[in-house]
Each structure stands twice: as C-alpha cells, then as structure tokens.
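Open the model in your viewer and keep the selection panel at hand. The stops below go one selection at a time.

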Amino acid sequence: MLEKDGGPLGSPISSEQSSWIGSLVALGAIIGSFISGYLGERWGRKRSLLCSVVPFLIGWILVATANHVAQFYIARLIFGIALGFPFTILPMYCGEIAEVSIRGALGSFLQLFITFGLLYSYAIGPFVSYTVFWIVCAILPILFFVCFMMMPESPYFLLAQGRRDEAITSLAKLRSKSEAAVQKEADEIQVILDEAFREQVSISDLFTVKANFKALIYTCTMVMFQQFTGINVVLFYMQKIFIAAGSSVPTEQAPIVIGAVQLLASALTPIVVDRAGRRILLVFSGIGEVVSLCALGLYFYLKEVVQATDVLEQISWLPVVALIVFISTYSVGWGSLPWAVMGEMFASNVKAKASGITVSVCWFLAFLITKFSSTMEEALGNYALFWTFGGFSILSVIFTVLLLPETKGKSLQEIQDELNGVTSISQDVENVTKK
C-alpha cells in the first residue's frame with residue numbers, strides 16, 4: 001500500500017524507505033530482547049509478557065496517526081521492541097511449564113502462531129482500507145492480554161523467588177492435579193534450582209561455564225541458520241519475487257497461498273516433534289530448503305543470465321512450487337525448532353540472559369539480511385542470492401547431523417548433564433534397561 005499510493009502519506013515511498021520500514025523491526029527486537037530478558041528475571045515470565053502489550057499498542061497508535069515516513073520508522077522500531085518479549089520469554093515460559101513428553105510440541109507453537117499472524121495480515125490487508133487494517137491488527141495484543149491474564153506464572157520462577165505456595169498452585173493448575181499430587185515435582189524443581197543458584201550468576205558465566213557456553217553456541221548457531229535460509233527476504237519481498245518471476249498468480253493472492261501453506265506446515269511440527277525428535281525434523285527441513293532454493297536460483301539464472309524465454313514459459317510454475325516447498329519445509333523445522341531448543345537447553349539461572357543474547361543475534365542477522373538483500377540482489381542477481389541461501393542450508397544439515405545434540409525426551413537436568421559431558425543417573429538406568 002505504501003509503495004503503491006503512499007496510503008496516509010499521500011505519495012508512494014521509495015525502495016530505500018521501504019527497506020528501512022521492513023528492517024527496523026529487527027533492530028527494535030535486539031533492544032527488546034535485552035529488556036525482556038531483564039524483566040523476565042525481575043518481574044517473572046507472565047508479567048513481562050503482559051507488559052509487551054504496551055509497546056504493541058504504542059506502535060499501532062503511531063501507525064494510525066502517521067503522516068510522515070519517519071513516524072513509520074519509529075513505529076516499526078517500537079514493534080521490534082515489543083516482538084523481543086515473546087521471542088525471548090515465551091520459549092523460557094514454555095520450557096518451564098511443560099512436561100517432558102510435550103515440551104517440544106509446546107515450544108514449537110511459537111512458529112505456528114507467527115504464521116497465523118502472517119496469514120491474518122495477508123488475507124485482510126489487500127482487501128480493506130488502511131484504517132480498518134490497523135484496527136484489526138491492534139485488536140490482537142488486547143485479546144492476548146485478556147486471555148493470558150488467566151495463565152499461571154512459571155513454577156520455576158516462583159520457586160526461585162521463594163514463593164513455594166504459589167508455585168504449588170501454579171503446578172497444580174498446569175498439571176490439572178491436586179496440590180498434594182504435584183509436591184514431588186515441586187521438590188525436584190527446587191533441587192535443580194538450588195543447584196543452579198548456589199552461586200551468584202553473572203553474564204560471564206555464559207562463557208566460562210561449559211554447559212552454558214555450549215548451549216549458547218548451539219542456540220546462536222541455530223538462529224543464524226534460521227536467518228541465513230533467507231526466510232525474511234522471502235516474506236518481506238514475496239510479491240516482488242512473484243512479479244520478477246512473471247508468475248500468473250495475482251500478487252494479492254500469492255502471499256495468502258504461501259501463508260496458508262506456512263500455517264499448515266507449522267501445525268505439523270507440534271504433532272510429530274516429540275515422536276520424531278528435533279534433529280530429524282531439522283535435517284528434513286534443511287534438505288527441503290536446499291532443493292527449493294536451488295530451484296529458485298536456477299529459474300532466475302535462466303531468466304537473468306541465459307534469458308531462455310522458451311524454457312521459462314514451460315517452467316513458469318517453478319517459482320510458485322519452489323516457494324511452497326521452501327515455506328513448508330522451513331516451517332516444519334528451522335522456523336519453529338530453534339525456539340523450542342532454546343527453551344530447553346539453558347539452566348534456569350542463566351536462561352533469561354542467554355535467551356536475550358540468542359534472540360538479539362537472531363534479529364541482528366535478520367536486520368542485515370532484510371536491509372541489504374536488495375543491494376545484494378542488484379549486485380549479484382536473484383539467482384546468486386538464492387544459491388547463497390541454499391549453501392547455508394547445506395551447512396545447516398551438516399551442523400545438525402554432526403554437532404547438535406538431541407533433546408527429545410530428556411529432562412532439563414539430563415540436558416545440562418549432557419552439555420557438561422556428565423552421564424546422568426537416569427540415562428545410566430535407561431541404558432541398563434535396554435541391555
């Protein structure tokens with residue numbers, strides 16, 4: 001809308017202004033990840049998430065009253081700060097409230113609802129006025145606030161604060177059991193917390209403690225591969241890709257089709273992740289990305305370099321199919337699982353700080369790719385851009401197969417033991433039982 005007629009600005013914005021509007025969210029999210037990490041430790045997971053509604057509403061007020069492009073810049077930066085809260089705290093919250101058997105599924109719901117939000121905007125945006133659009137978007141954070149008020153605080157946070165009675169009540173509500181029935185689990189959590197909080201923790205412990213450092217390397221590498229698949233380029237410039245490819249699909253409908261595919265694929269992950277495991281889904285996802293990105297690169301190579309018009313007419317379907325394969329395979333693995341694994345790998349005493357760093361790395365890379373992808377496209381061509389992303393997808397498969405540990409079916413303590421190179425008692429018992 002802003003590029004076509006300028007919307008409330010009265011005149012269309014330039015491609016440079018569009019790139020800043022698209023990328024400033026990522027810069028804001030870097031700031032938001034550290035703010036939310038701090039508040040998550042001080043105020044708790046629930047209250048911090050509820051606070052994210054404030055910057056969301058400020059952002060939509062700025063969008064509603066915008067009459068200059070600079071106001072859009074500020075709004076997008078504030079939206080980014082707001083986004084830092086769910087990306088940092090939700091994986092922590094899910095990892096702490098979930099039972100081991102459903103922890104992966106619950107952690108992967110973040111990506112599912114991201115795709116729902118994208119489809120929501122894709123399906124409404126092109127067909128309503130500017131005013132109606134911002135109103136229907138601003139309603140969502142209000143609905144979240146009302147619904148999430150009924151959720152309990154993390155029992156890990158409550159026990160860490162010495163609020164045992166509240167933690168017992170929270171656990172009983174989460175498990176749908178009596179308070180007496182969750183006493184044992186509360187005791188187990190307390191033992192983990194006592195061990196974790198035995199010494200004062202600082203940011204340096206993320207780099208000097210073996211388990212923390214390995215977990216940080218794994219999660220930061222995962223979000224790096226998540227961004228270097230080029231997902232933000234596809235989402236922010238999807239219509240441009242369809243136009244450049246000469247697709248017969250109307251540009252207003254193409255994002256809806258892609259958004260629906262993304263939603264369906266993301267819905268598959270919670271169903272299978274705790275059965276198949278994280279690694280196999282990530283490998284499957286990476287292979288699908290490689291195939292689809294190479295296919296997109298081939299199409300644009302034929303279009304931009306070879307200029308094989310006859311061949312292009314015969315494979316005009318390829319960009320649409322490749323995008324569908326890319327979006328679906330990305331959503332099943334690399335879209336959702338880095339956040340689930342981030343919620344699983346860190347000890348409670350460093351989880352907020354580590355999550356803030358991981359999320360900031362993710363959004364810093366998202367900013368670089370979103371802001372400068374058009375420059376790379378002009379310098380190298382679309383085909384080189386897609387092949388570069390395909391190369392990173394190959395590396396993501398190698399990383400998963402050779403380095404990334406599996407967290408399926410393991411307790412938080414077992415994961416910490418594995419990162420420290422210690423074989424836990426429960427693992428020994430399991431191995432003996434298998435023999």
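Select Ser331 first. This is a predicted model, and here Ser331 has 0% relative accessibility, so the residue counts as buried; the cut-off for that is under 20%. Ser331 sits in helix 18, residues 318-332. Now show its surroundings. Leaving out residues up to four places away in sequence, Ser331 touches Gln111, Gln262, Ala265, Ser266, Thr269 and Ser336.

Next, select residues 254-276, which form helix 15.

Where does helix 15 kink? Centre the view on Pro270: the kink there is about 40°. Helix 15 has 23 residues and reaches 32 Å from its first C-alpha to its last, close to the 33 Å expected at 1.5 Å a residue. Step just past the end of helix 15 to Gly277, which takes a positive phi of about 100°.

Move on to helix 16, residues 278-306, and pick Ser285. Is Ser285 buried or exposed? Its relative accessibility is 0%, so Ser285 counts as buried. With residues up to four places away in sequence not counted, Ser285 touches Thr329, Tyr330, Gly333 and Trp334.

Thr229 is found in the loop between helix 12 and helix 13 (231-236). It is buried, with a relative accessible area of 1%. Draw a C-alpha to C-alpha distance from Thr229 to Phe392: the two are 6.5 Å apart in space, yet 163 residues apart in sequence.

For the last stop, select helix 12 (residues 210-227) and helix 22 (residues 412-419). Their axes come within 8 Å and cross at roughly 95°. The two helices are therefore roughly perpendicular to each other. Show side chains at the contact. Helix 12 contributes Lys210, Ala211, Asn212, Lys214, Ala215 and Tyr218, and helix 22 contributes Gln416, Glu418 and Leu419. Colour by class to see four nonpolar, two polar and three charged residues in this contact.

Note on methods: Residues numbered from 1 in each chain as written. Predicted model: local features only at pLDDT ≥ 70, side-chain atom pairs only at ≥ 80, totals over all residues. Heavy atoms only, no water. Axes fitted to C-alpha atoms, helices over the stretch in contact; angles between N-to-C directions. Helix = DSSP H or I, 4+ residues; strand = E, 2+ residues; numbered from the N terminus. Parallel < 35°, antiparallel > 145°, perpendicular 65-115°, else oblique. Contact = heavy atoms within 4.5 Å. Nonpolar A, V, L, I, M, F, W, Y, C, P; charged D, E, K, R; others polar. Expected span 1.5 Å × (residues − 1). Bend = angle between axes of the 7 residues up to and from the residue. Buried < 20%, exposed > 50% of the residue type's maximum accessible area, 1.4 Å probe, protein only.
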